[in-house]
Amino acid sequence: MKSSKKNEGIEQFRIIAAIMVVAIHTFPFASLSSDWDNFITLTLFRIAVPFFLMVTGYFLLGPFAREPYYPKRWKIQQNLWKFLKIYGMAILFYLPLSFYNGTLRLSSTFFQIVKRLVFDGTLYHLWYFPAVIIGLVLSTVMIRFLSLQKSFILGIFLYFVGLGGDSYYQVFRHLPGINSFYQIAFTLFDYTRNGLFFAPIFLLLGAVIYQKQTKSQKILPLMCSLIALLVESFLLHHFTKVRHDSMYLMLPIVMYFFFQFLLNWQPPFKFSQTKEKALGIYLLHPLMIALIYFAGKIVPIFSNSLINFLFVLLGTICLTNFLLPLKRKFKPNANPFLASRAAKMISTENLVKNVQAISSCIPEKTGIIAILKANAYESEAVICGRKLERLGVNFFAVATLQEAIELRRAGIQGKILILGYTAPGQVNLLQKYQLIQAIISLEHAWKLNQQQKRIHCHLKIDTGMHRLGLDPDVVSIKEIYQMEHLACEGIFSHLGSADALDEQSVQRTKRQIQIFDTLLKNLEELRIDYGVTHLQASYGILNYPELNYDYVRPGIILYGALSSQNDLTKLKIDLYPVIKIEAKLISIKEIAAGEFVGYGLDACLTQTTKVGIISIGYADGVPRALSNTGFKLSYKETDIPQMGRVCMDLLLVNLSAVSDIKVGELITVMTNSETVAEKSGTITNEILTGLGTRLELGQ
Ligand SMILES: *Cc1c(COP(=O)(O)O)cnc(C)c1O
């Protein structure tokens, strides 16, 4: 579902940009001509760092500028944390080198250390991390309180201030007052190429291009601006003594055209994991520079700048490729999970299979609204939501505001529809977390609208189930579509008898479908843009596959079960249970014939029996109604019958069929909720959502 071609140019250029950074720190042409380095390394390759900043701006600030709400802010915060962590680790890693080359000294004052940490970096390449962190915070705040345009203008202003302290220092400093300004500035930081003056413009430029959307790939302006950049650099290097040459007047203009070029670029090569590799090269090349510098003292060949550059580059690439697979090994492993009492094991692989099965039986243009209510039928909404998002599902539904907020706080970025009632007083939260509210009655619509806070909505229509929803009356529905503060982006209904194929049920369903379709037609005639449509839950998908609305809303089949085992459905699909319940065998005893086991007189032994005590009960969701139904648990494929009444925290089993079992082993209590549901006289939906919060979680 994910298009792999998307932004391929950007992805691949990361590697090239990282190589440019290596060049900037090794001066490959120094042995040939310093002009070459001025032109190529210190001018052309200066696009590398702005490129990285723009990527961050494009993917983080762009979406935030469009919707400055929680989900996008969450992503920014998440990335800030990541940058901070990488910076922290890099500081520690390079500490010896920082001391060796004097960027840190034992005699450094506190002020000097702070200055290093916040602006200049503790080693020459590390300035990037505080810069991107400060720039990102600054830009986010600016966008939050100003428009993106105004923020960008501010960014340009800051860049100008930066220019005056960088390659234009000699040009600007003669102006009155300017020199003293920079004198003060340079006590705070050594370069203006930092998070205040350099990073914001490029971060914001990325966001501006994201907003622009029309991606023109104009070669001519790119070429012209590049030539202008080279001319600028030539003039500066020949007629002035440049203090530092990271910032040029033409650089942002080049970047504006170049980034758009990259968005359309189809690179002829395809490296994998470009993000990690580029980061690796960026972080590790100073280590290689140092190693080769020491080696060069022994083998003089490295003193040729080009050879030195190539060796540094090759060494860094090898080191990165060597370390990359290790990264995965050090990741906290999800597996070493041992249930201490009773646990639910979540199989996201099975979730994926179910999504694939569902996708294969809906029309191609129909999307999936994954139902994550009731903690994804207790299959863990956050885990499932994240997995689904990675699969390309970008629309979710829950029953309550709280459930929606929980998903947002866990970083779910897709749309989230609240199917149930939300009190009008809580519109603030709907807005803050960018949620979509179902309008469940005319009164609900009025009251939500009265709050005067613009919120996203879908209209729920009562087509005959007579639970939640608006009457299918065009006049009042039109009124809602025109309410000032409700952005109504969709319309839906729910079927009351889609699960049965007897004549009466089919008739009821067909009537509901007809009422829905007629309403849509009438709205169309009134030229009302009713937005996206959806009607079918799990059984609607399986029994009415010919329908083709914009979305379907699978719940129970997503988690790998039918509501009832014996339901006949028009389409039959293979489903895989997402949840498996296991519990520990905590005691074994031999009980004599004639004894009763457990509460009451239900289970009287006819022969001496090996009885096992399992640490799970009805408080964990094993229904008490399973007692004496012949329900079986299992151990290594062997059935073990449950005995007597299920207790609150425990249940008893007959272990006679297994000879080698020991206390402490895990017993499978449930893989198939369909059997449990049938034996306890309910549907799987109730069994799954009734699983207790006391269960430990494994994956
Ligand atoms: C719960 C729910 C669903 C999902 O139902 P399943 O039968 O589990 O697929 C779909 N739509 C609405 C409105 C629901 O409340």
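What is the volume of the largest cavity? About 60 Å³, and the points below put that value in context.

1. A word on the basis. This is a predicted model, in which local features need pLDDT of at least 70 and side-chain atom pairs count only at pLDDT 80 or more, while totals for chains, interfaces and linings use all residues. Residues are numbered from 1 along each chain as its sequence is written, and side-chain values use heavy atoms, with hydrogens and water left out.

2. On a 1 Å grid over the protein atoms alone, a cavity is a set of points where a 1.4 Å probe fits but cannot get out, and a pocket is an open set with protein on both sides within 12 Å along at least five of seven lines; lining residues have an atom within 4 Å of a point. Points are joined across faces, edges and corners, and a volume is the space filled by probe spheres set on them.

3. The cavities. There are two cavities of 30 Å³ or more. The lining of the largest cavity includes Ile-581, Phe-631, Met-670 and Asp-620, and it divides into 10 nonpolar, one polar and one charged residues (Ala, Val, Leu, Ile, Met, Phe, Trp, Tyr, Cys and Pro count as nonpolar, Asp, Glu, Lys and Arg as charged, the others, Gly among them, as polar).

4. The second largest cavity holds about 40 Å³ of space. Helix H2 (34-41) and helix H12 (219-239) each give two or more residues to its lining, and H12 gives the most, with four. Helices here are DSSP runs (H or I, at least four residues), numbered from the N terminus.

5. H24 gives the largest share of the lining, three residues.

6. Polar contacts are pairs of N or O atoms within 3.5 Å. A polar side-chain atom of Ser-538 lies 2.5 Å from a ligand oxygen atom, and a polar backbone atom of Gly-555 is 2.8 Å from an oxygen atom of the ligand. A side-chain N or O atom of Arg-553 is 2.8 Å from a ligand nitrogen atom.

How values were computed: A polar contact is a pair of N or O atoms within 3.5 Å; within protein, one must be able to donate a hydrogen and the other to accept it, and residues adjacent in sequence count only if both atoms are side-chain atoms.
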